[in-house]
Amino acid sequence: DLIVVHSHQDVCDEFFKAIKKEFRFTDFGSMTEICGIRITQNSDHILMTHPDYLSRMADTYLTDDEKATSVHIPARTDLPKIIAACATSTEKLTREEHIVFREIVGQCNFAACTFRPDIAYAVGMLSRVVNDPSRAALQEAKYLVQYLNTTYELGLKYERGPLVLQSASDADWGVGPSISGYGHMLGNAVVSHLSKKQDFIAMSA
């Protein structure tokens with residue numbers, strides 16, 4: 001399969017003609033889906049969403065009451081404390097619950113890396129304890145699924161027009177290894193991002 005990104009249709013047409021001289025080639029028109037991610041295009045923007053993926057997650061991991069609860073932020077403020085407490089927690093999960101936790105984190109990581117960068121911080125925090133999560137950490141993982149279920153229609157919206165590259169970075173200056181983050185945006189949507197625990201502890205600011 002071949003995906004062609006272009007800004008001039010005439011150049012794209014010439015490219016297709018050259019390809020067809022060498023290979024059996026069929027043009028299926030504008031892309032509407034890739035890896036299950038829905039691509040919606042119009043004259044103003046290109047939108048990448050995956051509502052079916054998020055709906056399946058909600059159906060798999062949430063009860064009806066949990067699905068009916070609206071959540072509008074991806075992580076609660078006490079998430080770092082909950083993650084830090086996993087090492088000493090006595091509330092260990094059953095094998096089945098542990099599998100559920102790992103599945104949620106893995107599926108959320110796919111979403112964060114492809115069409116939902118807004119959950120990168122929460123996924124990064126939960127990923128730290130995939131080997132030994134606590135019951136509280138499992139609840140935070142389900143809270144993240146609730147957020148995705150509430151905001152299933154959100155995605156990456158790339159606006160057409162003059163493209164300006166914008167970048168931002170920050171760190172939380174926490175006790176111990178800080179969390180660094182950056183985002184690069186083009187067309188007013190993210191094209192590259194990172195949320196990561198720093199490898200070293202700074203001795204001074």
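How closely do the axes of α6 and α7 come, and at roughly what angle do they cross? The axes of these two helices come within 11 Å, and the crossing is at roughly 155°. Before we go further, a word on what you are looking at: this is a predicted model, in which local features need pLDDT of at least 70 and side-chain atom pairs count only at pLDDT 80 or more, while totals for chains, interfaces and linings use all residues. Residues are numbered from 1 along each chain as its sequence is written, and side-chain values use heavy atoms, with hydrogens and water left out.

Let us stay with the helices. Two packed helices are described by the angle between their axes and the distance between the axes. Here the axes are lines fitted to C-alpha atoms, for helices over the stretch in contact, and angles run from 0 to 180 degrees between N-to-C directions. Helices (H or I, at least four residues) and strands (E, at least two) are DSSP runs, numbered from the N terminus. With angles under 35 degrees counted as roughly parallel, over 145 as roughly antiparallel, 65 to 115 as roughly perpendicular and the rest as oblique, α6 and α7 are therefore roughly antiparallel to each other. In passing α7, α6 makes a left-handed crossing; a crossing is left-handed if the near helix is turned anticlockwise from the far one by less than a right angle, and right-handed if clockwise. On the α6 side, Ala122, Val123 and Leu126 make the contact, and on the α7 side Ala137, Glu140, Ala141 and Leu144 do so, where contact means heavy atoms within 4.5 Å. These residues divide into six nonpolar, no polar and one charged. In this scheme Ala, Val, Leu, Ile, Met, Phe, Trp, Tyr, Cys and Pro count as nonpolar, Asp, Glu, Lys and Arg as charged, and the others, Gly among them, as polar.

Is Glu140 buried or exposed? With a relative accessible area of 6%, Glu140 is buried; buried means under 20% relative accessible area, exposed over 50%, and partly exposed in between (1.4 Å probe, protein chains only). Leaving aside neighbours within four places in sequence, Glu140 is in contact with Arg76, Leu79, Ile82 and Leu126.

Now bring in helix α5. Helix α5 (residues 95-114) packs with helix α6 (residues 120-127) at an angle of about 145°, their axes 9 Å apart. The crossing of α5 past α6 is left-handed. Phe101, Val105, Cys108, Asn109 and Ala112 of α5 meet Ala120, Val123, Leu126 and Ser127 of α6 in this contact, and the residues split into seven nonpolar, two polar and no charged.

With helix α7 (residues 135-150), α5 packs at an angle of about 40°, and the axes are 10 Å apart. That angle makes α5 oblique to α7. Here too, α5 passes α7 in a left-handed crossing. The contact brings together Glu97, Val100, Phe101, Ile104 and Cys108 of α5 with Arg135, Ala137, Leu138, Ala141, Lys142, Leu144, Val145 and Leu148 of α7. Its residues divide into 10 nonpolar, no polar and three charged.

From the helices we can turn to a sheet. Three strands form an open sheet in the order β5-β6-β7, with antiparallel pairing; two strands pair if DSSP finds at least two bridges between them. β5 (166-171) and β7 (189-197) stand at the edges with a single partner strand each, so one side of each is left without a neighbour in the sheet. On average, neighbouring strands of this sheet are turned by 10° against each other, direction ignored. Strand β6 (residues 179-186) pairs with β7 in the antiparallel sense over eight bridges, and His184 stands opposite Ser192 in β7.

The loops hold some backbone detail. Most residues other than glycine have a negative phi, and most peptide bonds are trans. Asn188, in the loop between β6 and β7, has a positive phi of about 65° although it is not a glycine. At 47% relative accessibility, Asn188 counts as partly exposed. Cys35, in the loop between β1 (33-34) and β2 (37-41), also has a positive phi, near 55°. Cys35 is exposed, with a relative accessible area of 66%.

Finally, look at Val4, in the segment before α1 (9-22). At 30% relative accessibility, Val4 counts as partly exposed. Apart from neighbours within four places in sequence, Val4 is in contact with Cys12, Phe15 and Phe16.
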